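Have a look at it first, then read on.

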Protein chains: 2
Amino acid sequence: MKIDGIDKTIIKMLINDARTPVLSIARKVGVSGAAIHQRLKKLEKSKLIEGYKMIVNPKSLGYTTTAFIGVFLDASSQLAPTIKSLKAIPEVVESHYTTGNYAVFIKVLCKNNEDLMYLLNKDIQNIKGVLRTETFISLEQHINRQILI
Amino acid sequence: MKIDGIDKTIIKMLINDARTPVLSIARKVGVSGAAIHQRLKKLEKSKLIEGYKMIVNPKSLGYTTTAFIGVFLDASSQLAPTIKSLKAIPEVVESHYTTGNYAVFIKVLCKNNEDLMYLLNKDIQNIKGVLRTETFISLEQHINRQILI
DNA sequence: AATGAAAGAAGCACAAC
DNA sequence: GTTGTGCTTCTTTCATT
(Lines give C-alpha, C1' and ligand atoms only; values in the text may rest on other atoms or scores of the structure.)
Protein backbone atom coordinates (compact mmCIF):
# COMPACT_ATOMS: atom_id res chain seq x y z
CA MET A 1 0.00 0.00 0.00
CA LYS A 2 1.59 3.21 -1.19
CA ILE A 3 0.47 6.48 0.39
CA ASP A 4 1.31 9.71 -1.38
CA GLY A 5 0.88 13.32 -0.38
CA ILE A 6 -2.75 13.50 -1.50
CA ASP A 7 -3.61 10.43 0.56
CA LYS A 8 -1.91 11.99 3.55
CA THR A 9 -3.98 15.13 3.18
CA ILE A 10 -7.15 13.06 2.96
CA ILE A 11 -6.20 11.15 6.10
CA LYS A 12 -5.10 14.22 8.04
CA MET A 13 -8.29 16.10 7.25
CA LEU A 14 -10.49 13.15 8.17
CA ILE A 15 -8.58 12.39 11.37
CA ASN A 16 -9.23 15.99 12.30
CA ASP A 17 -12.91 15.81 11.33
CA ALA A 18 -14.32 12.58 9.98
CA ARG A 19 -17.36 14.37 8.58
CA THR A 20 -15.35 16.63 6.29
CA PRO A 21 -16.98 16.42 2.84
CA VAL A 22 -14.95 14.80 0.10
CA LEU A 23 -15.44 17.92 -1.99
CA SER A 24 -13.82 20.20 0.54
CA ILE A 25 -10.80 17.88 0.62
CA ALA A 26 -10.81 18.01 -3.17
CA ARG A 27 -10.77 21.79 -3.17
CA LYS A 28 -7.94 21.82 -0.63
CA VAL A 29 -5.67 19.58 -2.67
CA GLY A 30 -6.79 20.92 -6.04
CA VAL A 31 -8.15 17.80 -7.69
CA SER A 32 -11.65 16.67 -8.59
CA GLY A 33 -14.09 15.30 -6.05
CA ALA A 34 -14.27 12.04 -7.92
CA ALA A 35 -10.52 11.56 -7.55
CA ILE A 36 -10.66 12.02 -3.79
CA HIS A 37 -13.70 9.79 -3.65
CA GLN A 38 -11.89 6.97 -5.43
CA ARG A 39 -8.77 7.34 -3.30
CA LEU A 40 -10.84 7.28 -0.14
CA LYS A 41 -12.58 4.08 -1.20
CA LYS A 42 -9.21 2.53 -1.88
CA LEU A 43 -7.88 3.59 1.51
CA GLU A 44 -10.95 2.12 3.18
CA LYS A 45 -10.51 -1.18 1.36
CA SER A 46 -6.83 -1.31 2.29
CA LYS A 47 -7.69 -1.58 6.01
CA LEU A 48 -5.48 1.38 6.74
CA ILE A 49 -8.70 3.13 7.72
CA GLU A 50 -10.39 1.28 10.56
CA GLY A 51 -13.48 3.44 10.51
CA TYR A 52 -14.98 6.75 11.49
CA LYS A 53 -16.09 7.34 15.05
CA MET A 54 -17.91 10.04 16.90
CA ILE A 55 -15.90 10.78 20.04
CA VAL A 56 -18.04 11.21 23.13
CA ASN A 57 -16.71 13.27 26.01
CA PRO A 58 -16.84 10.96 29.05
CA LYS A 59 -16.85 13.92 31.43
CA SER A 60 -20.13 15.12 29.93
CA LEU A 61 -21.58 11.77 30.91
CA GLY A 62 -20.23 12.12 34.42
CA TYR A 63 -17.22 9.86 33.96
CA THR A 64 -14.55 11.92 35.64
CA THR A 65 -12.17 9.20 36.84
CA THR A 66 -9.73 7.42 34.55
CA ALA A 67 -7.60 4.63 35.96
CA PHE A 68 -5.23 1.93 34.84
CA ILE A 69 -5.38 -1.35 36.68
CA GLY A 70 -2.80 -4.11 36.64
CA VAL A 71 -4.46 -7.43 37.35
CA PHE A 72 -2.57 -10.39 38.83
CA LEU A 73 -3.98 -13.79 37.90
CA ASP A 74 -3.15 -17.08 39.53
CA ALA A 75 -0.94 -19.31 37.45
CA SER A 76 -3.63 -21.82 36.58
CA SER A 77 -6.10 -19.25 35.31
CA GLN A 78 -7.15 -19.24 31.71
CA LEU A 79 -7.18 -15.91 29.97
CA ALA A 80 -10.35 -16.33 27.92
CA PRO A 81 -12.89 -16.45 30.77
CA THR A 82 -11.16 -13.54 32.46
CA ILE A 83 -11.51 -11.44 29.31
CA LYS A 84 -15.13 -12.43 29.07
CA SER A 85 -15.75 -11.22 32.60
CA LEU A 86 -13.93 -7.97 31.90
CA LYS A 87 -16.00 -7.39 28.77
CA ALA A 88 -19.10 -7.60 30.90
CA ILE A 89 -17.93 -4.59 32.92
CA PRO A 90 -18.91 -1.53 30.90
CA GLU A 91 -16.37 0.72 32.60
CA VAL A 92 -13.51 -1.34 31.16
CA VAL A 93 -12.61 0.44 27.92
CA GLU A 94 -9.27 -1.26 27.19
CA SER A 95 -7.79 -4.60 28.11
CA HIS A 96 -4.32 -5.84 27.27
CA TYR A 97 -2.44 -9.05 27.85
CA THR A 98 0.95 -7.77 28.91
CA THR A 99 4.48 -8.77 29.70
CA GLY A 100 5.84 -7.78 33.08
CA ASN A 101 4.27 -8.05 36.47
CA TYR A 102 0.67 -8.27 35.45
CA ALA A 103 -1.21 -10.76 33.39
CA VAL A 104 -3.84 -8.30 32.33
CA PHE A 105 -3.71 -4.56 32.19
CA ILE A 106 -6.89 -2.56 31.82
CA LYS A 107 -8.07 1.00 31.47
CA VAL A 108 -11.31 1.97 33.15
CA LEU A 109 -13.56 5.01 33.24
CA CYS A 110 -15.64 5.61 36.38
CA LYS A 111 -17.98 8.34 37.50
CA ASN A 112 -15.99 8.95 40.67
CA ASN A 113 -13.48 7.38 43.02
CA GLU A 114 -16.19 5.64 44.96
CA ASP A 115 -17.42 3.86 41.87
CA LEU A 116 -13.82 2.92 41.11
CA MET A 117 -13.47 1.40 44.56
CA TYR A 118 -16.65 -0.56 44.06
CA LEU A 119 -15.43 -1.72 40.66
CA LEU A 120 -12.14 -2.87 42.16
CA ASN A 121 -13.56 -4.56 45.21
CA LYS A 122 -16.60 -6.15 43.65
CA ASP A 123 -16.42 -6.42 39.87
CA ILE A 124 -12.73 -7.11 39.50
CA GLN A 125 -11.91 -9.00 42.68
CA ASN A 126 -14.84 -11.34 42.14
CA ILE A 127 -13.49 -12.52 38.80
CA LYS A 128 -12.24 -16.08 39.18
CA GLY A 129 -8.45 -16.28 39.26
CA VAL A 130 -7.83 -12.64 40.15
CA LEU A 131 -5.31 -12.52 42.98
CA ARG A 132 -4.84 -8.81 43.44
CA THR A 133 -4.73 -5.56 41.54
CA GLU A 134 -2.61 -2.44 41.35
CA THR A 135 -4.31 0.81 40.46
CA PHE A 136 -3.01 4.02 38.97
CA ILE A 137 -5.51 6.83 38.91
CA SER A 138 -5.02 9.40 36.19
CA LEU A 139 -5.12 12.83 37.79
CA GLU A 140 -4.61 14.55 34.48
CA GLN A 141 -4.20 13.48 30.87
CA HIS A 142 -1.78 15.64 28.91
CA ILE A 143 -1.48 13.75 25.66
CA ASN A 144 -4.18 11.97 23.68
CA ARG A 145 -3.54 11.47 20.00
CA GLN A 146 -3.15 9.01 17.15
CA ILE A 147 0.07 7.89 15.58
CA LEU A 148 1.41 10.29 12.94
CA ILE A 149 0.98 9.31 9.33
CA MET B 1 -28.20 18.42 29.26
CA LYS B 2 -31.02 15.94 28.80
CA ILE B 3 -30.51 13.03 26.41
CA ASP B 4 -33.56 11.13 25.23
CA GLY B 5 -33.94 7.99 23.16
CA ILE B 6 -33.62 9.78 19.84
CA ASP B 7 -30.40 11.44 20.96
CA LYS B 8 -29.08 8.06 22.04
CA THR B 9 -29.84 6.60 18.63
CA ILE B 10 -28.06 9.50 16.96
CA ILE B 11 -25.01 9.01 19.18
CA LYS B 12 -24.96 5.24 18.82
CA MET B 13 -25.16 5.38 15.04
CA LEU B 14 -22.45 8.02 14.79
CA ILE B 15 -20.13 6.24 17.25
CA ASN B 16 -20.47 3.23 14.99
CA ASP B 17 -19.89 5.27 11.83
CA ALA B 18 -19.27 8.98 12.09
CA ARG B 19 -20.01 9.45 8.39
CA THR B 20 -23.57 8.13 8.64
CA PRO B 21 -25.81 10.69 6.91
CA VAL B 22 -28.25 12.59 9.07
CA LEU B 23 -31.07 11.48 6.79
CA SER B 24 -30.40 7.79 7.33
CA ILE B 25 -30.55 8.38 11.08
CA ALA B 26 -33.81 10.23 10.49
CA ARG B 27 -35.29 7.30 8.58
CA LYS B 28 -34.18 4.91 11.33
CA VAL B 29 -35.89 6.84 14.13
CA GLY B 30 -38.85 7.96 12.04
CA VAL B 31 -38.56 11.72 12.23
CA SER B 32 -37.61 14.37 9.71
CA GLY B 33 -34.05 15.03 8.67
CA ALA B 34 -34.32 18.58 9.94
CA ALA B 35 -35.17 17.34 13.42
CA ILE B 36 -32.10 15.10 13.56
CA HIS B 37 -30.00 17.86 12.11
CA GLN B 38 -31.04 20.28 14.82
CA ARG B 39 -30.58 17.74 17.59
CA LEU B 40 -27.12 16.95 16.33
CA LYS B 41 -26.13 20.62 16.28
CA LYS B 42 -27.37 20.91 19.84
CA LEU B 43 -25.40 17.84 20.93
CA GLU B 44 -22.29 19.27 19.31
CA LYS B 45 -22.71 22.59 21.09
CA SER B 46 -23.25 20.83 24.42
CA LYS B 47 -19.67 19.46 24.35
CA LEU B 48 -21.00 15.95 24.81
CA ILE B 49 -19.66 15.32 21.33
CA GLU B 50 -15.93 15.95 21.23
CA GLY B 51 -15.68 15.45 17.51
CA TYR B 52 -15.55 12.95 14.67
CA LYS B 53 -12.34 11.12 13.93
CA MET B 54 -11.11 8.78 11.27
CA ILE B 55 -9.45 5.86 13.04
CA VAL B 56 -6.21 4.77 11.43
CA ASN B 57 -5.01 1.22 11.90
CA PRO B 58 -1.50 1.52 13.38
CA LYS B 59 -0.59 -1.97 12.19
CA SER B 60 -1.13 -0.87 8.60
CA LEU B 61 1.51 1.77 9.20
CA GLY B 62 3.90 -0.81 10.65
CA TYR B 63 3.25 0.02 14.29
CA THR B 64 2.93 -3.46 15.75
CA THR B 65 4.12 -2.86 19.31
CA THR B 66 1.95 -1.23 21.96
CA ALA B 67 3.44 -0.61 25.38
CA PHE B 68 2.66 1.15 28.62
CA ILE B 69 5.52 2.82 30.42
CA GLY B 70 5.60 3.99 34.03
CA VAL B 71 8.06 6.83 34.40
CA PHE B 72 9.75 7.64 37.71
CA LEU B 73 10.77 11.29 38.12
CA ASP B 74 13.11 12.68 40.75
CA ALA B 75 11.36 14.63 43.45
CA SER B 76 12.58 18.03 42.32
CA SER B 77 11.42 17.61 38.74
CA GLN B 78 8.76 19.85 37.33
CA LEU B 79 6.01 18.18 35.36
CA ALA B 80 5.58 20.73 32.58
CA PRO B 81 9.00 20.34 30.90
CA THR B 82 8.67 16.57 31.12
CA ILE B 83 5.31 16.69 29.33
CA LYS B 84 6.82 18.95 26.71
CA SER B 85 9.60 16.44 26.07
CA LEU B 86 7.08 13.61 25.86
CA LYS B 87 4.95 15.53 23.38
CA ALA B 88 7.98 15.79 21.14
CA ILE B 89 8.14 11.98 20.89
CA PRO B 90 5.59 11.02 18.22
CA GLU B 91 5.27 7.46 19.47
CA VAL B 92 3.77 8.70 22.75
CA VAL B 93 0.02 8.63 22.16
CA GLU B 94 -1.18 9.05 25.75
CA SER B 95 0.34 10.60 28.82
CA HIS B 96 -1.16 10.69 32.29
CA TYR B 97 -0.13 12.15 35.59
CA THR B 98 -0.97 9.34 37.99
CA THR B 99 -1.21 8.38 41.61
CA GLY B 100 0.78 5.39 42.74
CA ASN B 101 4.34 4.46 42.00
CA TYR B 102 4.89 6.50 38.91
CA ALA B 103 4.77 10.20 38.31
CA VAL B 104 3.90 9.83 34.66
CA PHE B 105 2.30 6.96 32.86
CA ILE B 106 2.38 6.81 29.07
CA LYS B 107 1.16 4.67 26.21
CA VAL B 108 3.41 4.29 23.21
CA LEU B 109 3.16 2.73 19.75
CA CYS B 110 6.36 1.47 18.13
CA LYS B 111 7.13 -0.31 14.90
CA ASN B 112 8.87 -3.15 16.72
CA ASN B 113 10.55 -4.07 19.98
CA GLU B 114 13.87 -2.70 18.83
CA ASP B 115 12.34 0.72 18.27
CA LEU B 116 10.73 0.47 21.68
CA MET B 117 14.12 -0.25 23.24
CA TYR B 118 15.60 2.73 21.46
CA LEU B 119 12.71 4.89 22.62
CA LEU B 120 13.21 3.78 26.22
CA ASN B 121 16.99 4.07 26.30
CA LYS B 122 17.36 7.24 24.31
CA ASP B 123 14.19 9.30 24.07
CA ILE B 124 12.78 8.62 27.51
CA GLN B 125 15.90 8.16 29.61
CA ASN B 126 17.40 11.34 28.24
CA ILE B 127 14.53 13.45 29.52
CA LYS B 128 15.76 15.53 32.43
CA GLY B 129 14.54 14.21 35.78
CA VAL B 130 13.66 10.71 34.58
CA LEU B 131 15.10 8.24 37.06
CA ARG B 132 13.91 4.94 35.62
CA THR B 133 11.01 3.35 33.80
CA GLU B 134 8.90 0.24 33.99
CA THR B 135 7.53 -1.17 30.77
CA PHE B 136 4.54 -3.38 30.02
CA ILE B 137 4.35 -4.58 26.47
CA SER B 138 0.88 -5.38 25.19
CA LEU B 139 0.97 -8.79 23.59
CA GLU B 140 -2.68 -8.63 22.68
CA GLN B 141 -5.49 -6.14 23.06
CA HIS B 142 -8.86 -7.72 23.75
CA ILE B 143 -11.02 -4.72 24.52
CA ASN B 144 -11.06 -1.32 22.87
CA ARG B 145 -14.22 0.70 23.14
CA GLN B 146 -15.85 3.89 24.35
CA ILE B 147 -17.95 4.32 27.43
CA LEU B 148 -21.59 3.31 26.99
CA ILE B 149 -24.16 6.07 26.66
C1' DA C 1 -5.27 7.65 -11.74
C1' DA C 2 -7.89 11.89 -12.89
C1' DT C 3 -11.70 14.44 -15.10
C1' DG C 4 -16.38 16.37 -16.09
C1' DA C 5 -21.02 15.67 -16.22
C1' DA C 6 -25.26 14.28 -14.44
C1' DA C 7 -28.69 12.28 -11.24
C1' DG C 8 -29.90 11.43 -6.88
C1' DA C 9 -29.02 12.18 -1.95
C1' DA C 10 -27.95 14.96 1.80
C1' DG C 11 -27.15 19.31 4.35
C1' DC C 12 -28.95 23.32 6.04
C1' DA C 13 -31.82 27.34 7.14
C1' DC C 14 -36.23 29.27 7.84
C1' DA C 15 -41.03 29.94 8.36
C1' DA C 16 -44.92 27.74 10.33
C1' DC C 17 -47.25 24.66 13.39
C1' DG D 1 -39.54 20.22 19.26
C1' DT D 2 -40.96 19.05 14.87
C1' DT D 3 -42.21 19.62 10.06
C1' DG D 4 -42.09 20.88 5.16
C1' DT D 5 -39.94 23.37 1.77
C1' DG D 6 -36.52 25.27 -1.13
C1' DC D 7 -31.88 26.07 -2.12
C1' DT D 8 -27.26 24.63 -1.89
C1' DT D 9 -23.88 21.30 -1.58
C1' DC D 10 -22.27 16.66 -1.68
C1' DT D 11 -21.96 11.77 -3.16
C1' DT D 12 -21.57 8.48 -6.42
C1' DT D 13 -21.21 6.54 -10.88
C1' DC D 14 -19.55 6.37 -15.43
C1' DA D 15 -17.73 7.33 -19.86
C1' DT D 16 -13.57 9.59 -21.29
C1' DT D 17 -8.68 10.81 -21.39
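## A look around the model

A:Lys47 has a relative accessibility of 57%, so this residue counts as exposed (over 50% relative accessible area; buried is under 20%, partly exposed in between, with a 1.4 Å probe and protein chains only). Before going further, some housekeeping: this is a predicted model, where local features need pLDDT of at least 70, side-chain atom pairs count only at pLDDT 80 or more, and totals for chains, interfaces and linings use all residues. Residues are numbered from 1 along each chain as its sequence is written, chains are lettered from A and ligands numbered from 1 in the order in which they are written, and side-chain values use heavy atoms, with hydrogens and water left out.

Back to A:Lys47, which sits in the loop between H3 and S1 of chain A. Helices (H or I, at least four residues) and strands (E, at least two) are DSSP runs, numbered from the N terminus. The phi of A:Lys47 is near 70°, a positive value in a residue that isn't glycine. Most residues other than glycine have a negative phi. Over in chain B, B:Lys47 also has a positive phi, about 70°, and lies in the loop between helix H3 (33-45) and strand S1 (49-56). With 58% relative accessibility, B:Lys47 counts as exposed.

How are the chains related? A rotation of 180° with 0.0 Å of shift along its axis superposes chain A on chain B, at RMSD 0.0 Å, using least squares on the C-alpha atoms of residues with pLDDT of at least 70 in both. The two copies are thus related as by a two-fold rotation axis. Both use the same surface, since 100% of the contact residues of chain A recur in chain B; contact means heavy atoms within 4.5 Å.

Two residues of chain A show what reaches across. A:Gly51, in strand S1 (residues 49-56), is buried at 16% relative accessible area and touches B:Lys53, B:Met54 and B:Ile55, not counting residues up to four places away in sequence. A:Thr98, in strand S3 (residues 92-98) of chain A, is buried at 5%. Its contacts, neighbours within four places in sequence aside, include A:Phe105, B:Phe136 and B:Ile137.

Now the rings. The whole structure holds 14 aromatic pairs over all chains, where rings of Phe, Tyr and Trp (its six-membered ring) pair if their centres lie within 6.5 Å, and planes under 30 degrees apart count as stacked, over 60 as edge-to-face and the rest as tilted. Two stacked pairs are tabulated here.

| Stacked pair | Centre to centre | Angle between planes |
|---|---|---|
| A:Phe68 and A:Phe105 | 6.0 Å | 10° |
| A:Phe136 and B:Phe105 | 5.7 Å | 15° |

A:Phe68 is in strand S2 (residues 65-73) of chain A and A:Phe105 in strand S4 (residues 104-110) of chain A, so their pair ties together parts that are 37 residues apart in sequence. A:Phe136 belongs to strand S5 (residues 130-144) of chain A and B:Phe105 to strand S4 (residues 104-110) of chain B, so that pair joins two chains. A:Phe68 and A:Phe105 are both buried, A:Phe136 is buried at 2% relative accessibility, and B:Phe105 is buried at 0%. Ring pairs link a cluster of residues, among them A:Phe72, A:Tyr102, B:Phe72 and B:Tyr102.
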